[in-house]
Amino acid sequence: MTSVTTEAYEAAFDAAVAADERIEPRDWMPEAYRATLIRQMAQHAHSEIIGMQPEANWITRAPSLRRKAILMAKVQDEAGHGLYLYSAAETLGVSRDELLDKLHTGRQKYSSIFNYPTLTWADVGAIGWLVDGAAITNQVPLCRCSYGPYARAMVRVCKEESFHQRQGYELLLALSKGTPAQHAMAQDAVDRWWWPSLMMFGPPDDASAHSAQSMAWKIKRHSNDELRQRFVDICVPQAESLGLSLPDPDLRWNEERGHHDFGTIDWSELTEVIKGNGPCNEQRLGQRRRAHEEGAWVREAAAAHAAKRRTAQHTEPREATA
Ligand SMILES: [Fe+2]
Ligand SMILES: [Fe+2]
């Protein structure tokens, strides 16, 4: 390709992004745009499937059939989100095997929030309300992301996430209005999950390595701090309705800003969890690798079945004319 042609392609790409048009798999795109999307979508897909683990921990101990059915549906949704996202990432020219291999060897990350343990039943509620709630705040703007397959996958994911958020809220409400022990259990779960949920929005804007470029490409539509603030403002009245408090003495309404002020986040904790020193990093990745190895026979059988069907399709017409 001559440089003149490359420039023309680049100009067409920039114009499409500026006009809020979608970039599709067959369109020309800068290599750095492709690499950024692969990194982000892979990390997102990995988070969906690793995120099944902390909650799956409670499926066998759900306190009623109704709660068990809800939790199973939710965990199953997360597997589905992983599948849409791996498929969407494959449109960028990577294979699912490659991405899973990078996850298993620690070369790609998943969200640090899933490296925290689920100690009580109330954690299922706190995860739904806060973790899925933070995920929605992050993901709703991704429905307008410049890359078509990612944006379209997010539309369905967000609809399902809002069900996840509601079931968590409703679970916490039941506990909060229950016995004093149940109320205490709900409060304890919120106390433990609040700060890690705020960290889900990523580092502060001035320390965020990829933010500016991603905003220019319209992969990202709002900054980390903007989304974090939005989430805090949504959660404060919800916590009041739940009858639960948020563990931040500095949390208060700021009339002038029209937002809630909140305390300083302990970023050193996030750095440690990202480095692999969170409470459950080893357990989560170990479980994922084991599940992958134990599922090898399923993948082999599916591949053999697909190959057999392909051969059958090729031979049938010949037999018919013979
Ligand atoms: Fe999800
Ligand atoms: Fe979810």
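Glu160 and Arg156 both sit in helix H7 (residues 148-176). They are four residues apart, about one turn of the helix. Their side chains meet in a salt bridge, 3.4 Å from N to O. The model is predicted. In this model the count comes to 17 salt bridges.

**Within helix H7**
- Glu160 has a relative accessible area of 16%. That value is under 20%, so Glu160 counts as buried.
- Arg156 is partly exposed, with a relative accessible area of 49%.

**Across the chain**
- Lys218 forms a salt bridge with Asp20. The closest N and O atoms of Lys218 and Asp20 are 3.1 Å apart.
- Asp20 is partly exposed, at a relative accessible area of 48%.

**Arg257 and Asp261**
- A salt bridge joins Arg257 and Asp261, with the closest N and O atoms 2.8 Å apart.
- Arg257 counts as partly exposed at 41% relative accessibility.
- Asp261 also counts as partly exposed, at 26%.

- Glu55, Lys74, Glu78 and Asp132 are joined into one network by salt bridges that share partners.

Note on methods: Residues are numbered from 1 along each chain as its sequence is written. Chains are lettered from A and ligands numbered from 1 in the order in which they are written. This is a predicted model: local features need pLDDT of at least 70, side-chain atom pairs count only at pLDDT 80 or more; totals for chains, interfaces and linings use all residues. Side-chain values use heavy atoms; hydrogens and water are left out. A salt bridge is a side-chain nitrogen of Lys or Arg within 4 Å of a carboxyl oxygen of Asp or Glu. Buried means under 20% relative accessible area, exposed over 50%, partly exposed in between (1.4 Å probe, protein chains only). Helices (H or I, at least four residues) and strands (E, at least two) are DSSP runs, numbered from the N terminus.
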